[in-house]
Amino acid sequence: MPPICLSFDNGPEPGTTPGVLEVLARRGLAATFFVVGQQLRAPAAFALAERAKAEGHRIGNHTLTHGAPLGRRSAAEAVAEIAETDALMGALHGPERLFRPNGGGGLLGPHLLNAAALRHLVAHRHTVVLWNAVPGDFRDPDGWPDTARAMIDAAEEPVLLVLHDRPNGAMRHLDRFLGGLIDAGAIFTQEPPDACVPLRRGVDQGDVARYVTEDSP
Ligand SMILES: [Zn+2]
């Protein structure tokens, strides 16, 4: 079984994130939480992100509004989605400023970024963290653990798994899911696989252009 990197997107969510943090603490696992900027305006949600960081998790920027993917937005809108979230995050960022675009159902492609967004990410030395396993907990709150396990069992490369700390009930299966992996000898890592990081500290790792739509005039 390849190493597994855990990520939780679209929070923080006061009804769900605390339970996820408790499961991760009990299992001794460190993850990355990619937060939606506008949700940080709620003090309870911001406090949850601070708690996650204090408990050893990494916090990354997952756009301000999680609206249309940035490749389908104007230059100014795309940059604002990133920059305003960074401002709201403040000290939640670690030494490496992590950014994950939203894909619209987990799809990878040039719709993820536009040229202005990429220029901003390069100028501010961001690391872009994508994914390679999206088991669909957002649409299948009870079936995702089996889907995720099948993805992991079939994988030959390190797995970057995307789950969501959203209030649809999916995370009630998290402890059992992780327990099954631990029992099977899984190795977890907080480091995203290189194949899922097209931009590292602002430097193109070779294929970032695959995720960029050129700006419309
Ligand atoms: Zn998302």
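Trainee: What makes residues of the largest pocket's lining nonpolar, polar or charged?
Mentor: Residue type alone. Ala, Val, Leu, Ile, Met, Phe, Trp, Tyr, Cys and Pro count as nonpolar, Asp, Glu, Lys and Arg as charged, and the others, Gly among them, as polar. The pocket lining divides into five nonpolar, nine polar and three charged residues. This is a predicted model, where local features need pLDDT of at least 70 and side-chain atom pairs 80 or more, while totals for chains, interfaces and linings use all residues. Numbering runs from 1 along each chain as its sequence is written, and side-chain values use heavy atoms, without hydrogens and water.

Trainee: Why is this called a pocket, and the other a cavity?
Mentor: On a 1 Å grid over the protein atoms alone, a cavity is a set of points where a 1.4 Å probe fits but cannot get out. A pocket is an open set with protein on both sides within 12 Å along at least five of seven lines. The largest pocket holds about 200 Å³. Of its 17 lining residues, His66, Gly105, Gly106, Phe138 and His164 are closest to the centre. β1 and β7 (159-164) each supply at least two lining residues.

Trainee: How many cavities of 30 Å³ or more does the search find?
Mentor: One, across the whole structure. The largest cavity has a volume of about 90 Å³, the space filled by probe spheres set on points joined across faces, edges and corners.

Trainee: What makes a residue part of the lining?
Mentor: An atom within 4 Å of a point. The largest cavity has 16 such residues, with Thr32, Leu98, Val129, Gln190 and Pro192 nearest its centre. They divide into seven nonpolar, four polar and five charged.

Trainee: Which strand gives the largest share of that cavity lining?
Mentor: β1, with three residues. Strands are DSSP runs (E, at least two residues), numbered from the N terminus. β1 (4-11) and β2 (32-35) each supply at least two residues of that lining.

How values were computed. Helices (H or I, at least four residues) and strands (E, at least two) are DSSP runs, numbered from the N terminus.
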